[in-house]
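Have the coordinates open while you read.

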Amino acid sequence: MAGERASWVLLAYRLPREPSTPRIGLWRKLRRLGAAQVLDGLAALPLDARNREQLEWLADDVVQAGGEATIWIGELASAAQERELAARMAEAVADDYRNVLADVAAAHAEPQGQRRRTLARLRRELRRVKARDYFPPPEREPAQRAVEELASAVEEPVA
Amino acid sequence: MRWATRCHCHVDRAACAWLIRRFVDEGAEFVFVDDPDEVPADATPFDMQGVELSHHDGDCSFEAFLRRYELHDPVLWDIAKIIHEADLADELYDAPEAPGLDVLLRGLSLTHEDDELLALSAPLFDGLYEFKRRALLLGREPS
């Protein structure tokens, strides 16, 4: 990809300080999408039709909450800055994968019934994390494998 | 009547188009545009930024249609939960069908043009409606 810059979709926004509910709602939705907070009031996602659409809906939310929002399409001027942004986003999901790994480790000590429920929860969580993982970190593979191993452990009758 | 929405339809727009043809306007004609500015003057826009029949207050466009046209059919509201989760995945509702439906529609959007996608997905929504209708009557899933 030398010399090839990725395209990004950006949401530039300003929300009134109060009430805080729209601000928190927006933060939550941006986090679920895996957006990088470039600056206060500027969030970025790799450009694709879905991400663009999701940010457009968030822009509407901001305007409805009495704020201002615009959607931008752009690329970083320097490859180093692009790598830095990607690394930051990878580090954020790496944290989420580490949490899954820790939960799997704890689940192996749980009684069978509870372990089954934990497995269902961790599968959902893993799916959520993968949906916002644009630059897969090394933690992804072990987290996936750990959940699969937990699944096999749940399938086996207790010895 | 003519209806306009953004091209490259996914689950919410496909479901809205089905809803329009079945419950609002049998002879509906659909126009697909790239930008809200391209909506023809005689067309009603939906699932686009800044229009009434679109995302509002955390609802997806399908839910906006049900409210706007006062469609109180509980089966449609059951389907609305699935569309909401397939489109927004905000876990407001428990809709285990949602990720599957989302993938099916996204796949169709890769292999078919918008008008074909609407033609192919309509029978899917017909079936979903019938399934949910029977489930509601039986109090459990039909066989």
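Two residues are in contact if their C-beta atoms, placed from the backbone, lie within 7 Å. Helices (H or I, at least four residues) and strands (E, at least two) are DSSP runs, numbered from the N terminus. This is a predicted model, where local features need pLDDT of at least 70, side-chain atom pairs count only at pLDDT 80 or more, and totals for chains, interfaces and linings use all residues. Residues are numbered from 1 along each chain as its sequence is written, with chains lettered from A and ligands numbered from 1 in the order in which they are written.

| Helix | Residues |
|---|---|
| α2(B) | 61-68 |
| α3(B) | 74-88 |
| α3(A) | 79-107 |

Start with chain A. Its α3 runs for 29 residues and reaches 42 Å from first C-alpha to last, close to the 42 Å expected at 1.5 Å a residue (1.5 Å times one less than the number of residues). Buried residues in α3(A) include Met89(A), Tyr97(A) and Val104(A) (buried takes 20 or more other C-beta atoms within 10 Å, exposed 12 or fewer, partly exposed in between). Their cover includes β2, α4 and α5 of chain A.

Ala36(A) sits in strand β2 and touches Leu85(A), Arg88(A) and Met89(A), among others. Ala36(A) is partly exposed, with 18 other C-beta atoms within 10 Å.

Over in chain B, α2(B) and α3(B) pack at about 155 degrees with axes 8 Å apart (axes are lines fitted to C-alpha atoms, for helices over the stretch in contact, and angles run from 0 to 180 degrees between N-to-C directions). The pair is therefore roughly antiparallel (over 145 degrees; under 35 is roughly parallel, 65 to 115 roughly perpendicular, the rest oblique). Phe62(B), Glu63(B) and Leu66(B) of α2(B) make the contact, with α3(B) residues including Trp77(B) and His84(B).

Definitions and conventions: Lists of a residue's contacts leave out its neighbours within four places in sequence.
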